Amino acid sequence: MSGLPIATDGSARIARQTFFTRARRSPTLILGIIMLGLLVVASALAPIIATHDPAAQSLTGGLLPPSFEHLLGTDQLGRDIFSRMLFAGQTDLRIAFLAALTPFVTGIVLGLVSGYFGGWLDYVIGRIVDTVIAFPFYVIVISIVFAVGAGETGIFVAFALVGWVGYARVVRVTTTAMKSSAWVAAARGGGLSHARVILRHLLPNVLPQAVVLLMSEIIAIMVAVVTLGYLGLGIQPPTPDWGTMISDGQTFVTTKWWISTIPGLAVIYTGISLSLVGDGLGDAWRVK
Amino acid sequence: MPRSSRLRSRVIRGAVPIALVAALALSACAAPATPTDPATSEPQSGGTITLGRVASVTSLDLNNEITANNAFAIDKIFEPLISFDSDGVLTPGLADSWEVSEDGLVYTFALHPGVLFSDATPLTAKDVVFSLERHIAVEGPVPLHASISSIEATDDETVTITLAEAYTPFLSEIAQFSNGIFPADFGGKTEEEFFKNPIGTGPFVVDKWDPAGDISFVKNENYWQEGKPYIDALVYKLIPDGTQLLQQLQAGQINAIDEVAEANVEELSNNADVTVTKTGSWVVEQLFLNTQNEYFSDVNVRQAIAHALDREGITAATTFGTAEVANSLIPPTIQYSANDSGFALDYDLDAAKAALAKSAYPNGFSVSLMIASGNSLRAQEAQIVQEALAEIGITVNIESIDLATFRTRFFAYDFDFMINSGQSDSPDPNGLISFQADPEGFSQSYWTHYTNDKVTELMKQGRVTLDGPDREKIYLDIQEILANDVPYIPIFYPSAIKATSSKVHGLVVLPNESIRFQDAWIEQ
Amino acid sequence: MRPPLRWLRRTLFAVVPVVIGVVVAVFFLLRLVPGDPARMILGERATPESVAALREQLGLNKPLLQQLVDFAGTVFLHGDTGNSLIYNVSTRELIVQRAPISLALVGLAVLFSLLIAVTLAVLAARHKDGIIDHVVRVIPTIGQGMPTFWIGLLLIILFAVTLKWFPVGGIGTGPLEPLRSLVLPALAVSLGLIPPLVRSLRSELLEVFSSDFVTTLRAAGIPERRVVFGHILRNASLPTLTLLSVSVSYLIGGTLVVEQVFGINGLGSLLFGAISNRDFPVVQGVALYCALMVVLVSLVLDGLVWLLDPRTRSAS
């Protein structure tokens with residue numbers, strides 16, 4: 001047993017209280033939230049904190065090392081890296097969170113449905129899941145990005161199409177386990193409709209695992225966006241984005257290494273904070 | 001981005017365009033391309049040069065190929081009648097000398113005596129006739145445009161070609177790689193067999209060939225230039241990533257690379273174990289305006305854009321001083337270039353705003369700038385253009401799409417304006433002008449739909465006028481008109497940049513970016 | 001029905017639709033994307049006539065359904081997906097040539113990640129809540145946010161360029177050179193695999209550590225090492241193996257980026273070039289290969305699970 005607090009209406013409140021108690025005591029979760037919070041605030045306040053206009057070019061002042069005027073130096077076109085980093089944070093966080101939403105919802109729905117109803121529906125969804133997993137990831141993503149054009153839309157569509165699989169699997173396993181439990185039979189016997197059982201009883205129990213997975217998926221999307229930037233298929237210029245900043249700086253990686261390294265560190269920092277949040281939540285919910 | 005050259009891309013470009021950059025010589029006259037210490041070192045025999053390239057060789061059928069990845073393997077195996085040097089000047093190839101009749105219709109070529117193919121059979125005029133006729137029959141992508149009425153082997157060592165009408169660029173076209181000579185009747189093999197294992201007069205012979213990987217050559221023991229090539233073997237190694245090219249050279253895993261990102265030139269030059277060569281090429285980096293677009297059909301708008309671009313600034317920021325600013329369509333490495341004639345519209349924001357004010361859109365407008373993705377240099381250029389045009393009220397949205405889609409779009413004329421490069425295959429200006437200013441040509445003036453009857457007339461005259469001051473005037477006039485009409489704005493002429501281990505000497509880089517290895521040798 | 005037959009029927013029902021699904025999906029997906037392979041082969045300055053002629057020659061003008069049927073025929077009759085449009089070499093030959101390198105890369109990466117993940121997880125579980133445990137728990141978090149190509153570049157700069165312990169790229173020739181060339185790329189890949197493995201394995205180990213049968217074993221006086229390796233790992237590894245199976249599936253077709261960074265001409269770089277140049281037969285062939293490999297991998301892992309845990313056997 002995974003130790004999920006299977007909550008019926010009566011003990012939901014108790015389960016929540018336990019969750020918050022554990023949450024408050026979890027150093028991982030707290031640290032993660034603080035780190036993530038700092039990141040979100042810094043990005044949101046980018047227009048205020050930034051020292052320069054991220055698009056302001058200076059063709060003669062390119063590739064300058066960090067200095068008082070340019071805290072992290074300038075890129076090839078003389079734009080201030082520090083300011084671009086902040087605005088890139090906005091872009092990347094926004095895209096990663098938004099792109100993670102659709103697959104999150106789709107995956108949970110499909111997982112619940114296939115776990116609960118079973119039968120041929122389960123079989124079909126299961127085969128689709130297997131097909132998506134067997135599909136070479138890059139073929140889908142690159143083809144979609146080529147078809148739709150590089151930039152945000154392509155990324156949203158690509159992840160909407162393939163990203164739901166992880167949630168579906170995880171949710172389905174839990175749903176199947178719960179489906180045959182006594183209290184579900186009782187609920188159905190008491191006249192509750194399928195929809196009611198799924199939404200009010202099963203969903204709250206699968207959400208913890210799904211949310212923990214969501215944190216990993218957001219990081220994965222961010223890493224994928226950065227990698228697409230490296231392949232030349234990332235966010236359209238001139239929108240600052242950590243991925244294109246890394247790839248633009250790659251030519252200079254031996255001489256002016258900070259141009260590629262610093263955005264990379266930003267991505268790692270984001271990854272760490274999201275990981276900590278995910279781990280912390282997992283601990284609090286006692287999810288594996 | 002893995003590579004920083006203008007072709008920067010991780011994509012294995014099965015079809016890399018021949019980057020014939022228009023004049024980029026850094027000194028006033030084209031600098032000699034060889035990095036050798038003159039006269040102080042004697043060539044040593046032996047050794048293998050391993051050249052890292054980003055694309056593999058997929059075909060050796062010289063008459064049917066156009067892209068650099070194949071052309072520069074083909075030109076090691078086959079040679080044409082006429083050759084050219086690193087300054088683009090025509091020199092004897094398989095033909096020792098040639099004569100042109102007074103009326104410009106009859107060309108007589110005298111073959112160098114005693115030339116053998118790599119299988120030791122002698123080269124005769126019959127082989128030349130067969131090769132050129134086959135080229136005409138297959139209607140390949142780098143054709144002979146002259147209207148040829150006959151090609152005859154007047155004797156074993158003389159070939160006479162008669163044209164139906166005078167065509168001055170004829171000799172330049174003969175010098176292109178696609179007119180290499182091979183044995184008559186493919187030496188008894190079928191066409192398909194022959195091109196799997198080709199026989200030519202060139203300095204190298206194919207040893208092992210993986211169309212999706214490396215190709216290795218060994219030296220042609222029967223090569224007609226005494227004692228050459230000095231090296232025993234030549235390998236073209238497939239390394240699709242530009243950063244890897246650089247790193248493998250610097251680590252000594254290979255001893256030559258076919259391209260160097262402009263941004264890495266300084267770093268490489270400072271490395272004592274590496275020699276970097278920069279030479280002028282036949283490529284012109286340009287901003288192409290679709291003259292059928294509602295805004296760009298107005299010449300005032302186009303002139304406004306030309307005035308708004310700081311071409312020197314762009315060149316400096318994106319090519320790190322390795323390219324030469326372009327002031328005309330025709331680069332200094334090609335005949336009759338007007339690069340120093342001052343025709344180009346200069347960088348002047350006031351003039352730009354004034355020109356825009358004269359147009360139907362004095363308050364500016366919004367357009368989309370299309371570039372192929374995977375090319376970091378172009379992405380930087382596009383962003384500079386975007387900022388520059390914002391200064392005069394034109395809002396530019398950059399559309400960076402993958403190469404295949406990019407080509408589909410602009411071939412369908414579905415674009416506002418784009419950054420791309422034009423190139424020439426020969427030192428004659430006719431090639432570039434025809435491709436870029438002929439509305440009847442298949443590209444319809446490089447997809448800009450530019451039509452100017454005066455230019456068309458001059459272009460036709462240029463083809464039949466003999467070389468000399470009259471012909472020069474024609475091409476200068478054309479360039480002046482183009483500079484004022486600006487259907488495209490030449491930005492810079494990229495250099496052909498190669499790098500080798502400092503133990504490799506004697507490489508000759510041609511303006512079409514091919515490397516000649518006949519004189520190459522390795523310090524043991 | 002007897003168990004092996006039942007297993008076979010179940011497997012076929014699971015596997016065949018997946019393989020067919022992948023191949024058909026790729027077939028149509030490719031043709032949705034704009035771009036013309038003939039134009040990519042000939043470049044920008046070839047005339048529309050030569051491009052049209054090439055299209056005709058390559059059979060690109062045939063109706064879609066006809067192409068699908070031809071394709072199916074080639075697959076079943078020749079075990080191939082056609083000649084590469086760009087290289088004019090049979091796709092099967094290309095795959096046979098390139099797959100071993102990518103498989104070796106993945107294999108080595110899996111080896112590295114298992115070695116490192118097991119060590120870390122065991123350490124962490126043994127010293128739960130201690131410093132070691134916290135350190136090990138942080139490692140996954142760092143590793144998850146690192147793009148593989150970025151790690152690859154750093155590894156090259158550190159170990160190849162500066163320390164010169166490994167080549168900067170490519171696959172060398174000579175005794176043991178290929179192996180040496182694969183170390184850094186495999187390491188880069190494994191750093192991405194390790195975080196989820198450590199997390200899962202540690203968590204499973206903790207569960208098992210505190211379980212009854214381990215207490216019994218320890219009470220019986222069986223040496224600690226045997227307890228850990230002989231019994232605990234065996235039980236704890238099941239969910240982790242499932243996780244591994246998904247990661248490896250992803251990797252089969254996902255070595256693209258690592259191969260680019262390290263200059264390895266394997267299946268990944270073949271795939272990338274093929275997609276960019278719209279080389280349909282090659283993309284389809286690689287997709288088919290990946291689907292088959294993934295199926296194979298999951299069957300193998302299912303088999304491992306069956307071997308390791310007798311409890312699952314009675315389920316069938």
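## A sheet in chain B

Strand β15 (residues 366–372) of chain B and β16(B) run parallel to each other and are joined over seven bridges. Strands here are DSSP runs of E with at least two residues, helices are runs of H or I with at least four residues, and both are numbered from the N terminus; two strands pair if DSSP finds at least two bridges between them. Within this pair, B:Ala372 stands opposite B:Ile401 in β16(B). The model is predicted: local features need pLDDT of at least 70 and side-chain atom pairs count only at pLDDT 80 or more, while totals for chains, interfaces and linings use all residues. Residues are numbered from 1 along each chain as its sequence is written, and chains are lettered from A and ligands numbered from 1 in the order in which they are written.

The two strands belong to an open sheet of six strands in chain B, in the order β14-β18-β13-β17-β15-β16, with mixed pairing. The edges are formed by β14 (324–325) and β16 (395–401) of chain B; each has a single partner strand, so one side of each is left without a neighbour in the sheet. In general, strands of a sheet pair through backbone hydrogen bonds, either parallel or antiparallel.

## Helices against the sheet

Helix α8 (residues 311–319) of chain B packs on the sheet and touches β14 and β18 (488–493) of chain B. The direction of α8 makes about 45 degrees with that of β18(B). Contact requires two C-beta atoms, placed from the backbone, to lie within 7 Å; axes are lines fitted to C-alpha atoms, for helices over the stretch in contact, and angles between N-to-C directions run from 0 to 180 degrees.

Helix α10 (residues 376–390) of chain B lies across β13 (283–289), β15, β16 and β17 (417–423) of chain B. Relative to β16(B), this helix runs at about 165 degrees.

## The nonpolar core and chain C

The largest nonpolar core has 307 residues. Such a core is a set of buried Ala, Val, Leu, Ile, Met, Phe, Trp, Tyr and Cys residues joined through C-beta atoms within 7 Å; a residue is buried if 20 or more other C-beta atoms lie within 10 Å of its own, exposed if 12 or fewer, and partly exposed in between. Helix α10 (residues 194–230) of chain A gives the most to this core, with 19 residues. Among the residues with the most contacts inside the core are A:Val139, A:Ile221 and C:Val286. C:Val286 touches residues including A:Pro136, C:Ile95 and C:Leu267.

Chain C has 14 helices and zero strands. Buried residues make up 45% of its 316 residues. The C-alpha atoms of chain C fill a box of roughly 85 × 65 × 35 Å along the principal axes.

## Backbone features

Most residues other than glycine have a negative phi, and most peptide bonds are trans. B:Ala120, in the loop between β5 (106–111) and α2 (125–138) of chain B, has a positive phi near 75 degrees; with 9 C-beta neighbours inside 10 Å, B:Ala120 counts as exposed. B:Trp447, in helix α13 (residues 444–447) of chain B, has a positive phi of about 60 degrees, and its 24 C-beta neighbours inside 10 Å make it count as buried.

A cis peptide bond joins B:Lys228 and B:Pro229, with omega about -5 degrees. The peptide bond from A:Pro237 to A:Pro238 is also cis, with omega near 0 degrees, and A:Pro238 lies in the loop between α10 and α11 (242–249) of chain A.

Conventions: Lists of a residue's contacts leave out its neighbours within four places in sequence.
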